[in-house]
Amino acid sequence: MSKLNLNSDIIDSARNAARNIAEEMQEFIDMHTTVSVERTVARLLGIDGVDDIERPLPNVVVDNIKEDGGLSLGTAYWIGNAMVNTSLSPQEIAVKVSQNELDLMKLDIAPEEEIKEKIYEIAKSTVDKIKNMRQTRDNYLEQLGEGPKPYLYVIVATGNIYEDIVQAKAAARQGADVIAVIRTTAQSLLDYVPYGATTEGFGGTYATQENFKLMRRALDEVGQEVGRYIRLCNYCSGLCMPEIAAMGALERLDVMLNDALYGILFRDINMQRTLVDQYFSRIINGYAGVIINTGEDNYLTTSDAVEEAHTVLASQLMNEQFALMAGIPEEQMGLGHAFEMNPNIENGFLLELAQAQMAREIFPKAPLKYMPPTKFMTGNIFKGHIQDALFNLISIWTNQGIQLLGMMTEAIHTPHLHDRKLAIENAKYIFNNARNLGDEIEFKEGGIIQTRAQQVLKKAEELLIEIENEGLFSTIEKGKFASVKRPRDGGKGLDGVVEKDNKYYNPFVELMLGGDR
C-alpha cells in the first residue's frame, strides 16, 4: 500500500510511456554496432594484451577490420574466418595482425556455418566462465553472508591500485560493504582500455582488467577476515563502456555504474554511440549478476533539486525499461537518486523524504542507490556531518538499497582513512537506532510529503509522454535532462558507430540473453 497515496494509473501511464521510448530506441540500437562493442567481442573471444607500442590488441584487431570497411559484419565473423583459414587461436591471430603478418580482410571467405561453429565453441566457453564467476559470488554470499541494507558504500581514489587496496581493506574492516574504485580523471574519454596494474592515476585509478583482478583478490581476503562478502564497484561508462563490462564480468565485479544518459550529458559522448554501447554492456552485466548503478544523481548537480526532481524520476523509469530489454532483473537495478536539496530551503528535509519514499514505492524490488549531499557541502565539517546524518536518516526510513556515504570533508579533499571511519560510524549509529522507523510512521493525508510526491510523479508522467511523442534524441537535443543540450550528430565517438550488415554476427547477445542463467 502506498504511504504517499500515489495514483497507480499515473505510475502505469508513466511506465508505459517509458517503455515506448525504450522500444523505439531499441529499433535504432538493433541496427547498429560500434567499435567498442566489437572490441568487447574480441576480448570475450580471449584477445588480451598489448603490442610493442602499448596498443591494446582488441583495438589493433578492430582497427584492421574497420579500415577496410568490414565492421558491419562484426569482429566475431572475421576472427572466425581467420580461425578457419589459419587454425590459430583468436589471441594468436591478434598477435599476427599486430605484427603485420596477417590481414584479416585479405583471407579467403569460409562458409558461414564453419565460421559460426568455430566462434560458438569459444564464446560458449567464455560465457560458462562468467557463469562460474557468478556462482563463486553466490558461494561467498552463502558462506560469509553480507551486511544489512542499505549496503555501506565508500570510495577509494588514490590513483595507485596498491594504495587503493590498503585503503579498501581498511574501509572493509571499519564496516564498509561496497568498495568503489574511482577511475582516473577523463578515462571515460579514452577510446581504449589501458593494460596491466597501474600506479599513476589522477583523482582515481585506471580501470584495467589487472587492477580489477588485484582488488577482487584483496576484497576476498578481507571478506574472509571480517566474515562478510565485500562487493567491488567500478565505472562501466564512457567510450569503452561494454569493454569494461566484459572485464568486470570476467573478474567478478559486483556493482557497475552503467547509465544510459550519463555519458551523453556529462561527458559529451555521442548519443548514438552511447545508447548502442549501453545495450551490450547491460546484457553482459545482467548475465554476470552485476548490480548496475544509474546516474540520475548527477542531474541534480547542474539542475535544482526542487524544480527538476521529476526529471530524475523520468530517467529512472527509462533506465528501468532499457535495463529490462537487456535482460537485467529489477533486483539488479540500482536506480540512482541524490540528497541535493539546498539546506537553506524551509522543509527541504520533507521534500527529500517525499522523493526517496516515492522512488522506493515505484521501484519496490530495486536496490536503489542513494547519493549523499555534495553540491551544498561547504567545507564546514560540523554542518557537513549533520547534513550526512539527515541523509542517513532518510535512507533508513525509506529502505534504500545502496548508500554512498557522505564525507564530512566533502569539498576539502579526497577522503582520508579517518574521514571514512567517521562516515561509517555516523551511518551505523543512525541505521541501528532507526532501523524500523519506516514501519512505524505514516504520512499525513494531503500533507507536504504526500502532495510533493504526487506532484513530482505527475510532472514525470507529463515529461515522459512528451518524450514519447517527440523521441529521445530530440529531447536530449533540447536540453530537457540536467539542462544540458547535446546534438544527435555531435560529441565524441560518432565515427565509431557502424550500421550492421544482414550477416552481422555476435554470438554473445544470444548466449547471454537466451541462455540458462
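## Pockets, cavities and salt bridges of the model

The second largest pocket has a lining of 18 residues, and those nearest its centre are Trp397, Thr398, Asn399, Gly438 and Asp439. A pocket is here an open set of points on a 1 Å grid over the protein atoms alone, with protein on both sides within 12 Å along at least five of seven lines, and lining residues have an atom within 4 Å of a point. The structure is a predicted model, in which local features need pLDDT of at least 70 and side-chain atom pairs count only at pLDDT 80 or more, whereas totals for chains, interfaces and linings use all residues. Residues are numbered from 1 along each chain as its sequence is written, and side-chain values use heavy atoms, with hydrogens and water left out.

The volume of the second largest pocket is about 240 Å³, a volume being the space filled by probe spheres set on the points, which are joined across faces, edges and corners. At least two lining residues of this pocket come from each of helix 14 (348-362), helix 15 (381-397) and helix 17 (437-440). Helices (H or I, at least four residues) and strands (E, at least two) are DSSP runs numbered from the N terminus. By class, 5 residues of this lining are nonpolar, 7 are polar and 6 are charged. In this classification Ala, Val, Leu, Ile, Met, Phe, Trp, Tyr, Cys and Pro are nonpolar, Asp, Glu, Lys and Arg are charged, and the others, Gly among them, are polar.

The largest pocket of the model has a volume of about 1100 Å³. Its lining is made up of 40 residues, of which Ile155, Ile182, Tyr235, Asn298 and Met371 are the closest to the centre. Two or more residues of the lining are given by each of strand 2 (151-156), helix 10 (262-267) and strand 9 (369-371). The lining of the largest pocket comprises 18 nonpolar, 15 polar and 7 charged residues.

The largest cavity has a volume of about 50 Å³ and is lined by Leu300, Ala305, Ala309, Val312, His337, Ala338, Met341, Glu352 and Gln355. Helix 13 (309-325), strand 8 (336-338) and helix 14 each give two or more residues to this lining. Of the residues lining the largest cavity, 6 are nonpolar, 2 are polar and 1 is charged.

The volume of the second largest cavity is about 40 Å³. Ile161, Val181, Tyr206, Asn211, Phe212, Met215, Leu232 and Asn234 form its lining. Helix 8 and strand 4 are the elements that give two or more residues to this lining, and the largest share, 3 residues, comes from helix 8. The lining of the second largest cavity has 6 nonpolar and 2 polar residues, with no charged residues.

Attention then turned to charged pairs. Side chains of opposite charge can pair when their charged atoms come close. The whole structure contains 27 salt bridges, each defined by a side-chain nitrogen of Lys or Arg within 4 Å of a carboxyl oxygen of Asp or Glu. In one of these, Arg228 pairs with Asp177, with 3.2 Å between the closest N and O atoms. Arg228 belongs to the loop between helix 8 (209-226) and strand 4 (231-235), and Asp177 to the loop between helix 7 (161-174) and strand 3 (178-181), so the pair ties together parts that are 51 residues apart in sequence. Both Arg228 and Asp177 are buried, where buried means under 20% relative accessible area, exposed over 50%, and partly exposed in between (1.4 Å probe, protein chains only).

A further salt bridge joins Glu101 and Lys96, with an N to O distance of 3.2 Å. Lys96 is partly exposed, at a relative accessible area of 31%. Glu425 and Lys421 also form a salt bridge, their closest N and O atoms lying 2.7 Å apart. These two residues are separated by about one helical turn, because they are 4 residues apart in helix 16 (residues 417-433). Glu425 is partly exposed, with a relative accessible area of 42%, and Lys421 is partly exposed as well, with a value of 39%.

Technical notes:
1 Å grid on protein atoms, 1.4 Å probe; cavity = no way out; pocket = protein on both sides within 12 Å on 5 of 7 lines; lining within 4 Å.
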